[in-house]
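User: Can you walk me through this one? I am new to it.

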Amino acid sequence: MNFVYRFLGESRASADAAASTFGFAPDTLRQPAFFSGKVVRHLAFREAISALHHVVVSDLRFKPRDRTAYFEWLKQNEAALLAEAAARREELKPRIETLRQRIRSLDDESQRLMKPFFTARQAYFNYLYKQNRDAWIVLDPVITVHPDEIFFECFSLDESSYGRLSCDHDVFEQLGEMAFGTTNIDYSHALYDEFQKIRTYRDTTLSIDPSGFEVQTADDNAFREEKIDLPDSWVRGFLQVSSAMTLPAHVFDLHPMDLANILGTLARRKERVGPRSLRFLLKPDAPVEVVVEPWGERLTFRRSIYRGREGGEIRIWGRRRLAILERALPLARSVRVHLTGTGLPAFFVVDFGGIRFTLGLSGWTANDWSSAGQFDLLAPRHKVDADTAQRVFAALGDRHAAPARDLARDLGLEESMVQAALTAYTQAGRVMFDLDKGIYRRRELTREPLALSQLRFASEQEASADRLVEANLVTIAGVDRNQGRRIVTGTVLDNARKESVALTIDADDRLVEARCSCHFYGHNKMMRGPCEHMLALRRIFHAEVEGVAQDKGDAA
C-alpha cells in the first residue's frame with residue numbers, strides 16, 4: 001500500500017543549559033492535529049519515549065545465511081568426497097591436523113587484517129540508518145491528541161511488538177493551543193539522541209507544530225513529501241493489536257523490580273536449547289510465580305499477588321523483547337500484565353503516574369501480528385447495518401473516547417451491537433482499544449479510509465467456514481447456559497470426516513474457549529485463531545439458536 005506524507009520542514013530538537021524543546025512536524029495532508037505543553041515528569045517521559053523508540057527499531061527475526069550454492073555443490077560432490085576420504089583416512093590424519101592448525105592461524109590473521117573493514121562497514125550502516133531511515137523503519141509513529149491525553153503508537157520492524165506511550169494532560173503544564181485528532185509525525189534517529197539529554201533541572205517542552213496547517217502552498221520549498229510503500233502485513237498487524245486487546249485475559253499487577261528480576265535472570269544466561277519460554281503460575285490470592293525455561297529456575301514474587309478468580313499456567317515466548325522495558329522499570333510505579341493465553345499475545349502496561357507505556361507482544365518473535373493470530377475472529381460477529389454503525393462511530397467521535405456500555409446507553413442500543421460496530425471500525429483502522437483505561441478511542445490510522453478488500457482479516461478458515469455453512473454440514477448437539485456463558489457443542493462434516501467441536505462464548509459474545517478434533521486445532525490450538533469448524537458452528541448457533549444475523553466480512 002502506498003502512503004504519501006507532506007511535512008513542513010523536519011522534526012527538530014534544541015537544547016541549552018535551561019531548556020529543551022522538541023518540535024514534531026505533523027503530516028499537513030491530514031486534518032489539523034497539534035499540541036503544545038511543558039513536561040512536568042521529565043525522567044519518566046524520557047524513559048517511556050526511549051522505550052517507544054526501541055519498539056520502532058526492534059527486529060529480532062532470525063536471519064540465516066544463504067547457503068543454497070554450497071548445498072548444491074555438496075549434493076553433486078558428496079559421494080566422491082566420502083569415497084576418497086574413506087580410502088585415505090589413516091594417511092591423511094597427520095596432514096589434517098597440520099592444516100587445522102594452519103587454518104586457526106590464518107583465521108586469527110584474517111580477523112586482525114579485516115577488523116578495520118568491519119569497523120568501517122558498521123560505521124557506514126550506522127550512517128545509512130541515520131540518513132535514510134526509510135530503508136530501516138517502515139512507518140513513523142502515529143500521534144493522537146484527545147481531550148484527556150496525548151498518545152504515540154508504533155509498530156516494530158519485525159511486526160511482532162507494539163508500543164503505545166500515553167500521557168495525561170496533567171503531565172504537562174502551561175498547555176498551549178491544541179486540536180484533537182490523529183496525525184503521522186516526522187521522526188528521526190537524531191531525536192532519540194536528544195531525548196537522552198532530558199534532565200529534571202532543564203525545562204522540556206513538547207510541541208506538535210500547527211504552522212504547517214496555516215499556509216498550504218503547493219510550490220513552497222519548505223514542504224517535503226515522502227512516499228512510502230507499506231506492506232499490507234504491517235497495516236494488518238497494527239489493526240490486529242486492538243482486536244487482541246479485547247480478548248479475555250489473566251490480569252495481575254507485577255512489581256517493577258519483579259519484572260527486573262526476570263530480565264536479570266535472562267541476562268545472566270544464554271539458552272542453548274529450548275524451550276525458551278516464561279511459564280507464569282497463577283493461583284488466586286497467592287504470589288505470582290514464574291518458571292524460566294529451559295533451566296527450570298522458579299521465581300516467586302511475594303510483592304505481586306494474583307487477585308483473579310481463576311488460576312492457570314500460561315507460557316509466553318519471545319521473552320527477550322521484554323528488555324525494551326529494562327531502563328524504564330526503576331521509575332515505574334507498577335506493571336500491569338495481561339496474559340491472553342499460552343502462545344497468545346501478552347501486554348505489559350508500565351505505569352509511571354500519568355504516563356503509561358504499553359508493550360504488546362505477539363505469541364513469539366517469529367509469530368507476527370498480521371499472519372499468525374486471527375484475533376478479530378474471536379470478537380463479536382454480529383451484523384450491524386450501516387446506519388447503526390455510523391451512529392456509533394459519530395457518538396464516539398463526539399466524545400473522542402468512551403466505553404462501549406456508555407455508547408450503548410446513550411444510543412439506546414444493545415451493548416453487543418455497539419461492540420460489533422466498534423470491532424468493524426477497529427478492523428478499518430478508525431478506532432482503537434485503550435487497554436490502559438478499558439475504553440474505545442477514535443483514531444484514524446491513515447488519512448484516507450483503508451482499502452478493506454486488501455486489509456479484511458479474511459483467512460482460509462473463515463472462507464472454509466462459509467462453505468461449510470452454505471452446504472448445511474453443521475449440526476448443533478447441545479447448548480449449556482451458565483452464568484452468562486454459553487457452551488455450545490456440535491459436529492461439522494468436512495471431507496467425509498465428522499469433527500467434534502465445543503465452544504464457550506461469554507456474555508459479550510466473544511469466543512473465549514474452544515476445542516476441535518481437527519488437525520488445525522490439534523497442531524496450533526488457539527495460537528493461530530479458531531479453525532473453520534469453530535467458526536461455522538458459532539455462526540450457526542448465533543443464527544439459528546439466538547436469531548442474530550452474522551457479519552460475514554462486510555466492515556461498516
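Predicted model: local features only at pLDDT ≥ 70, side-chain atom pairs only at ≥ 80, totals over all residues.

User: How many salt bridges does the structure hold?

Analyst: The structure holds 38, counting a side-chain nitrogen of Lys or Arg within 4 Å of a carboxyl oxygen of Asp or Glu.

User: What does Glu 153 meet in a salt bridge?

Analyst: Its partner is Arg 443, at 2.7 Å, N to O. Glu 153 lies in strand S6 and Arg 443 in the loop between strand S22 and helix H11, so the pair ties together parts 290 residues apart in sequence. Helices (H or I, at least four residues) and strands (E, at least two) are DSSP runs, numbered from the N terminus.

User: Is Glu 153 buried or exposed?

Analyst: Glu 153 is buried, at 1% relative accessible area. Arg 443 is buried too, at 2%. Buried means under 20% relative accessible area, exposed over 50%, partly exposed in between (1.4 Å probe, protein chains only).

User: Now the sheet. What is the order of the four strands?

Analyst: The open sheet runs S23-S24-S25-S26, with antiparallel pairing; two strands pair if DSSP finds at least two bridges between them. S23 and S26 are the edge strands, each pairing on one side only.

User: How many bridges join S25 to S26?

Analyst: Five. Val 501 stands opposite Cys 516 in S26.

How values were computed: Residues numbered from 1 in each chain as written. Heavy atoms only, no water.
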